[in-house]
Amino acid sequence: MGMRSRSTTVSGIGAGHARRSRSTPRRAVRRPGGERAALSDIGLRREVNQDAFFAGARLLAVADGVGGGPAGEVAARLAVDAVASGAESAAGLSDLHALAAEASAAVHDGSRSDSALAGMTTTLTAGLFVPEGLAVVHAGDSRLYRVREGVLEQLTSDHAVVAQLLREGLISADRATTHPLRNMLTRALGRDRDTDFDAFVVPVAPGDVFLFCTDGLTNMVDESAIAATVDGADSLDDAALRLVRCANAAGGRDNITVVLAAAPPRSASGLHDGSAVAAA
Ligand code: MG
């Protein structure tokens with residue numbers, strides 16, 4: 001299935017990257033407000049699952065750890081646990097950003113505390129439903145998408161060498177998938193104590209579904225297939241299972257983690273309409 005994309009401008013997204021893919025056939029499925037699903041799978045080639053996730057009522061996160069031995073797994077777990085520690089108390093983007101900073105420090109300090117963990121790093125992409133929409137923090141190449149009425153839109157910008165070359169027009173999309181530096185991140189937690197996170201708020205409308213995922217999904221399954229899968233599933237649990245199956249059917253070369261979250265009901269989110277103003 002070919003990917004059909006078009007460039008567009010997304011209001012309120014500081015990351016400056018937006019790509020949309022429409023599923024075929026278009027089918028707008030209304031999800032019960034607040035529905036959640038999460039699944040992490042080792043895939044078909046890896047010995048260890050170095051991904052981690054958290055899926056709470058308001059806070060969602062995925063992390064993809066890198067490092068030898070147990071290190072990648074530890075890095076991802078430390079990052080997700082640090083962010084999840086604020087799942088009940090976090091109230092806005094600044095709280096989420098502070099939790100991400102704690103996650104960064106935890107991974108960095110952990111890597112210094114034990115020679116077996118030296119050099120471990122991880123991605124982190126986390127979201128928090130707030131009255132204004134979904135607050136997001138992001139570093140690395142795990143992604144956040146929004147599915148709205150059959151349209152899949154990438155809300156995060158990959159912090160990866162290849163993504164940067166692609167954005168600058170220096171390589172083609174075809175070349176990106178085989179480039180020798182395709183796994184090289186430009187930002188990751190653990191390298192320094194402080195990590196430069198993208199932090200922003202995106203609008204949320206009733207019926208929106210947010211997909212947090214690691215590259216074990218996005219390197220194996222094209223965006224039109226992701227959109228069609230989420231849109232055509234009977235439930236978010238069903239969608240999560242189908243996404244993992246698609247990635248494994250395509251080769252399952254990496255760990256695959258998906259966290260799906262439907263927009264909370266209006267009464268819970270405090271939204272007055274579907275066009276909440278973003279504030280970064
Ligand atoms: Mg990965």
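**Figure 1. Spacing of the magnesium donors along the chain of the predicted model.** In this predicted model, the donors of the magnesium ion follow the pattern D-x150-D-x38-D along the chain. The protein donors are D64 (OD), D215 (OD) and D254 (OD), and they lie 2.1 to 2.2 Å from the ion. D64 belongs to strand β5 (residues 59-66), whereas D254 sits in the loop between α7 (236-249) and β13 (256-262), so this pair ties together parts that are 190 residues apart in sequence. D64 has a relative accessibility of 8% and counts as buried, because the cut-off for that class is under 20%. D254 is likewise assigned as buried, with a relative accessible area of 12%.

**Figure 2. Packing of helix α1 against helix α2.** Helix α1 (residues 71-84) and helix α2 (residues 93-113) pack with their axes 8 Å apart and at an angle of about 150°. Angles over 145 degrees count as roughly antiparallel, and α1 is therefore roughly antiparallel to α2. The crossing of α1 past α2 is right-handed. On the α1 side, the contact is formed by A75, L78, A79, A82 and V83. On the α2 side, the contributing residues are L96, L99, A100, E102, A103, A106 and V107. Sorted by class, this contact of α1 with α2 holds 11 nonpolar residues, no polar residues and one charged residue.

Figure 3. Helix α6 spans residues 223-232, and eight of its 10 residues are buried, so the helix is largely enclosed by the rest of the structure. The buried residues in α6 are E223, S224, A225, I226, A227, T229, V230 and D231.

**Figure 4. Packing of helix α6 against helix α7.** The axes of α6 and α7 come within 8 Å and cross at roughly 150°. The two helices, α6 and α7, are therefore roughly antiparallel to each other. The passage of α6 across α7 is a right-handed crossing. In the contact, I226, T229 and V230 of α6 meet A239, R242, L243 and C246 of α7. The residues of this contact of α6 with α7 divide into five nonpolar, one polar and one charged. I226, T229 and V230 are also among the buried residues of α6.

Figure 5. H138 lies in strand β8 (residues 133-139). Its relative accessibility is 0%, and H138 therefore counts as buried. Leaving aside residues up to four places away in sequence, H138 touches L124, T125, T156, S157, D158, H159, F197 and D198.

**Figure 6. R193 and its contacts.** R193 is found in the loop between α4 (173-176) and β11 (198-202). With a relative accessibility of 44%, R193 counts as partly exposed. When residues up to four places away in sequence are not counted, R193 touches S104, A105, H108 and D109. R193 and A101 are 92 residues apart in sequence, and their C-alpha atoms are 8.4 Å apart in space.

Figure 7. E149 is placed in the loop between β9 (143-148) and β10 (151-154). This residue has a positive phi of about 50° although E149 is not a glycine. At 41% relative accessibility, E149 is classed as partly exposed. G207 is placed in the loop between β11 and β12 (209-213). G207 counts as partly exposed, with a relative accessibility of 23%. The C-alpha atoms of G207 and P265 are 9.0 Å apart in space, and the two residues are 58 residues apart in sequence.

**Figure 8. Overall context of the close-up views.** The secondary structure of the protein comes to eight helices and 13 strands. The protein has 280 residues, of which 54% count as buried. Among contacts between residues at least 6 apart in sequence, 72% join residues at least 24 apart.

Definitions and conventions: Residues are numbered from 1 along each chain as its sequence is written. This is a predicted model: local features need pLDDT of at least 70, side-chain atom pairs count only at pLDDT 80 or more; totals for chains, interfaces and linings use all residues. Side-chain values use heavy atoms; hydrogens and water are left out. Axes are lines fitted to C-alpha atoms, for helices over the stretch in contact, and angles run from 0 to 180 degrees between N-to-C directions. Helices (H or I, at least four residues) and strands (E, at least two) are DSSP runs, numbered from the N terminus. Angles under 35 degrees count as roughly parallel, over 145 as roughly antiparallel, 65 to 115 as roughly perpendicular and the rest as oblique. A crossing is left-handed if the near helix is turned anticlockwise from the far one by less than a right angle, and right-handed if clockwise. Contact means heavy atoms within 4.5 Å. Ala, Val, Leu, Ile, Met, Phe, Trp, Tyr, Cys and Pro count as nonpolar, Asp, Glu, Lys and Arg as charged, and the others, Gly among them, as polar. Donors are N, O and S atoms within 2.8 Å of the metal (3.2 Å for Na, K and Ca); water is not among the atoms, so sites may look incomplete. Buried means under 20% relative accessible area, exposed over 50%, partly exposed in between (1.4 Å probe, protein chains only).
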